[in-house]
Amino acid sequence: LRAKTYADQLIWKAGRTKHLSALHGLKHYLNKEVYFNVQADFRGRIYPTTELLSYQGTDWLRSMWEFSDGKPIRSENEAHWLYIHAANCYGLSRKPFAVRLAFIRKNRELISKIGSSPEDFLHEIEKAAEPFRFVAAARELHNFWQYGYGFITHLPVQMDASSQGIQIWSSLSGDTELMKASNVIDSGEFRDIYQELADDIYQTALQSSDKGAETVRLEGVSRKTAKAALMLIPYGGRYPSIMSAVDNNNPSWSRASRLWLSNRLWVDGRDKLASLVHLQKQLSRAVYDFMSSDQDNLEWKTPSGFNVVQQYNKTEAKRVKDMLGASIYKFHFETETPDIAKNASAFPPNLLHSMDSSLLCRAVTESGKVGINNIMTIHDCVGVLSPDAPVMHTILKDAFKWLVSPEHKWVDFVPEGVYNGA
């Protein structure tokens, strides 16, 4: 109990400070129209330039924002996307659409009451996976049900890909089994690769006599922990980052239990993504050999036509010392010498990031052509108004099909001279 108390203090101290700072800042923008600056990094991924107040971040902060320009809900199909969004926020995002719609219809009266006076239903709100965003969705549904068709909605309805990094890698490399596991190919049922990994490790713990597996046998492995670990691997995550994910999600566990789970996530996760890991190793080795021949950087063009330049140089440390020779400050500066090892290890995840940024670029461009101007982008997640959601859903599917179509092979986007396709 003492260890858990200390762990919680360390985790939440910084969180509380950031939380209170955000609340203080938000007071200045209540009921005002706000514009966010965003920028593309060298791979084409879009990020807001502000961190404290943005439409990204935790559940409560994301629940605060609405589009300033709304649109009327005019059909049942448009309303259904508001239903689906509310069900997602409650925790049903991995269920079929029909199940999510049925959940909202069955609980319509309760959801309407929550939207009208949430303070009276805190015990119900606590059950939601994303309680603040669920309340925001319930409020929007309450107002829609009171008004009827023609209601002007402002709430962003968010659509998220299912394991997009794994989906893109498996599709471009032609791994049929991994495509089924990540729902690119319909296997007859919705697959949840993160939950499957969590269940596999739990079964291993049940058969293990290792003392580190004891807590896992008692408490199981959460999908959240499995996802935090597995989603790192396609983007070049290493064992220390897996350990960090386990520590953050299970701070009260003993060190032996956290190490046991980290090892299993690292080994079993890489086994589950074996073809992806093998391809990454090949690419890294090819980049290492390529840059060893006096190449300063890597350049490639994404399917959307975005020019990517990857250049990591070695750094050197300099120390500022006092009169007695003791170091009082240390800083790093970049040299002009390429860091071959870093360029090699960073290339596979950066290639993947440039692919998913191409998908988003395609989707945003196509949506603009059909008049969808309210759009919120969070990496591979897109938020639009529910009247725009049916069209946006089709655009996102078409953008993915475009990205992984036969005309696009991942070897075509590898820098010339790096890889021969073997």
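**View 1. Asn-343, a buried residue of helix 16.** Asn-343 has a relative accessible area of 0%, so it counts as buried in this predicted model. You'll find Asn-343 in helix 16. Setting aside residues within four places in sequence, the contacts of Asn-343 are Val-287, Met-291, Leu-298, Gln-310, Gln-311 and Tyr-312.

**View 2. Helix 15 against helix 16.** Here we stay with the helix that holds Asn-343. Helix 15 covers residues 274-291 and helix 16 covers residues 340-369; their axes come within 8 Å and cross at roughly 135 degrees. That angle is why helix 15 is called oblique to helix 16. As for handedness, helix 15 passes helix 16 in a right-handed crossing. From helix 15, the contact takes in Gln-280, Leu-283, Ser-284, Val-287, Tyr-288 and Met-291. Helix 16 answers with Ile-340, Ala-341, Asn-343, Ala-344, Ser-345, Phe-347, Pro-348 and Leu-351. Sort the residues of this contact of helix 15 with helix 16 by class and you get 10 nonpolar, four polar and no charged.

**View 3. Helix 10 against helix 14.** This pair is made of helix 10 (residues 193-207) and helix 14 (residues 255-272), packed at an angle of about 125 degrees with their axes 10 Å apart. With that angle, helix 10 is oblique to helix 14. The crossing of helix 10 and helix 14 is right-handed. On the helix 10 side, look for Ile-193, Glu-196, Leu-197, Asp-200, Ile-201, Thr-204 and Ala-205. Across from them, helix 14 brings Trp-260, Leu-261, Arg-264, Leu-265, Asp-268, Gly-269 and Lys-272. The class tally for the contact of helix 10 with helix 14 is seven nonpolar, two polar and five charged residues.

**View 4. The largest nonpolar core and another one.** In soluble globular proteins, nonpolar side chains tend to be buried together. The largest nonpolar core in this model has 91 residues. Which residues have the most contacts inside this core? They are Ile-104, Leu-265 and Leu-273. Helix 3 (residues 76-92) supplies the largest share of this core, 10 residues. Apart from this core lies another core, of 12 residues, including Leu-53, Tyr-55, Phe-67 and Cys-381.

**View 5. Leu-273 and its contacts.** Leu-273 is among the residues with the most contacts inside the largest nonpolar core. Leaving out residues up to four places away in sequence, Leu-273 touches Ile-166, Leu-178, Ile-193, Leu-230, Ile-233 and Pro-234. One of these, Ile-193, also turns up in the contact of helix 10 with helix 14.

Key: Residues numbered from 1 in each chain as written. Predicted model: local features only at pLDDT ≥ 70, side-chain atom pairs only at ≥ 80, totals over all residues. Heavy atoms only, no water. Axes fitted to C-alpha atoms, helices over the stretch in contact; angles between N-to-C directions. Helix = DSSP H or I, 4+ residues; strand = E, 2+ residues; numbered from the N terminus. Parallel < 35°, antiparallel > 145°, perpendicular 65-115°, else oblique. Left-handed = near helix turned anticlockwise from the far one by under 90°. Contact = heavy atoms within 4.5 Å. Nonpolar A, V, L, I, M, F, W, Y, C, P; charged D, E, K, R; others polar. Core = buried A, V, L, I, M, F, W, Y, C linked by side-chain atoms within 4.5 Å. Buried < 20%, exposed > 50% of the residue type's maximum accessible area, 1.4 Å probe, protein only.
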